[in-house]
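Here are my notes on the model you sent over. Have it open while you read, and check the points against the coordinates as you go.

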Amino acid sequence: MPRDQTSWVDGHQVESRLDSEYYSPDALRDAAWIHSGIIPTKRLESLTVLLTDGVHASPEFTEEGPLYLSATNILPFHFDPERNYRHISEATFLAHARGNCAPEAGDVLLAKSGRIGAAAIVPPGLRFSVLHSAAILRVGDQVDAEWLCAFLNSPPGRAQIWRFQKGTAQPMLHLEEIAEIRVPTPEKTERDAITDAVRAAMECRRRSRKHQEAVDKWIWRTACGAQLATQSVAFLEHSPSATIRDATWTSQVPTADRIDPWPFHIAPRTIRSHLEKQECAVRFGRVAQRVTSRRGRTNFSDGEAGFYISVLDLDMQGRIDWKRASSSRYEAPGLAVEPGDLLFSCINPRQPRVAWVPEDISGKILCSPEFAILRCRTDLFGHPALLAAVLRSGWVRVQTSFRTRSSSLSRRRIDERDLEEVIVPWSVADVEDMEATARLSLLEERRAEAVLATVSDAMARLTIGAFERPQFEKTIGEALGESVSADNAE
């Protein structure tokens, strides 16, 4: 063991664990607050009326019915049921519910594998069961679900989870370890301040989703989705690694620079043909221009502030993790990014990662060379937030994912020059209102992220006795100060 990772362990620190990492200096330092007496704590199990995990036996899947989800649907403070889902029958769901494997609204879900430690609250209106990769935590009357979720996602919470996980090749968090997590239980006024902040952030996200739903409906109308045959709508979700056999596609391949016939498969061919018949559809070059080649490559000097955006810093809803981008540094130089740019991930466009860089972001910004950098055609189409949403839609995704070039179905890339062949649904109808709506969606999400970052910092301060409630409430108020009211958001 390296010298700087050795440590003496006092008798009171010895627990029922023999693995050395459990007693590493970092682990002991991060756990010191638990024994310091600065703040009272309780075992997580004592704060819950239900602590279990999901289904261990794989069920039989169906074409429709209640959802079957897993830890992959859990992000910090965000439960996303719209990806990586399967369907199960009603009878199977009821059997899972009887076995406490069907979470209820208000339950906290904790990822036991994969993104270990991510915690999110189940929103109302969902009927689903989960795989055993997720733990189900139902709090009692001692603390609120928001408080538990905030702690589990905070640095002191994650430090305990990291310490408790077992395994090297496939790390896993077990229920018996989850039960032993120590949760701070300060005065109710302090808990309420943090709980209320989490609820405010969740309300921002609710408004963000509502705005995004309005944008999605505009895109569907613009693409005349109602005119697409029912059986063809499913093609919007297809990709080379998840599609059907097509005996007709090879006869449709024209002379071109492509040897592989993927762009002419029935899925992209059907969607493209539908769009070409619509008045509200244009070629990619009419709405955006590629500027990647005009941007130089550079890097940060030692200690220089700024943002380096990698593909992993951008999610499929167009959100950029600016906090992580501000701390990420790589040896390889990145592409220079300007406010107002659109970043289009060229790697695996089956998972569309397209984001607009707002004009109010200041400081040096770089991005991974895996991105194509785009600019709106400002003469007619200067609506970058809306255009980014369109480029993330299934109408574009199915075209770009089948234009990728690779011998591997799991790590395909699109040459940014092939974007010129994409047909984009676009209309001038209500475009100003929709641009404003798309920007509001992103703005509300940024407010939520700012509040949750403050909550995370507050939890860390709480465990060392440095939490100041007036200052915390002031910071939260500043993060929410410009937020539109719930009535106006409707």
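1. Surface first: the accessible area of the protein comes to about 24,000 Å², and carbon and sulfur atoms hold 50% of that. Keep in mind that this is a predicted model, so every value here is computed from predicted coordinates.

2. On burial, 49% of the 490 residues of the protein count as buried.

3. What share of the contacts with a separation of 6 or more comes from residues 24 or more positions apart? In this protein, it's 76%.

4. For secondary structure, you get 15 helices and 21 strands. As a reminder for what follows, strands of a sheet pair through backbone hydrogen bonds, either parallel or antiparallel.

5. Have a look at strand 3, residues 61–69. With strand 6 (residues 86–88) it pairs in the antiparallel sense, over four bridges. Strand 3 also pairs with strand 9 (residues 128–130), this time in the parallel sense and over three bridges.

6. Strand 14 runs antiparallel to strand 16 (residues 334–336), and two bridges join them. To find the spot, pick T298: its bridge partner in strand 16 is G334.

Terms used: Residues numbered from 1 in each chain as written. Predicted model: local features only at pLDDT ≥ 70, side-chain atom pairs only at ≥ 80, totals over all residues. Heavy atoms only, no water. Pairing = 2+ DSSP bridges. Buried < 20%, exposed > 50% of the residue type's maximum accessible area, 1.4 Å probe, protein only. Contact = heavy atoms within 4.5 Å. Areas by Shrake-Rupley, 256 points an atom, 1.4 Å probe, with all protein chains shown as cover.
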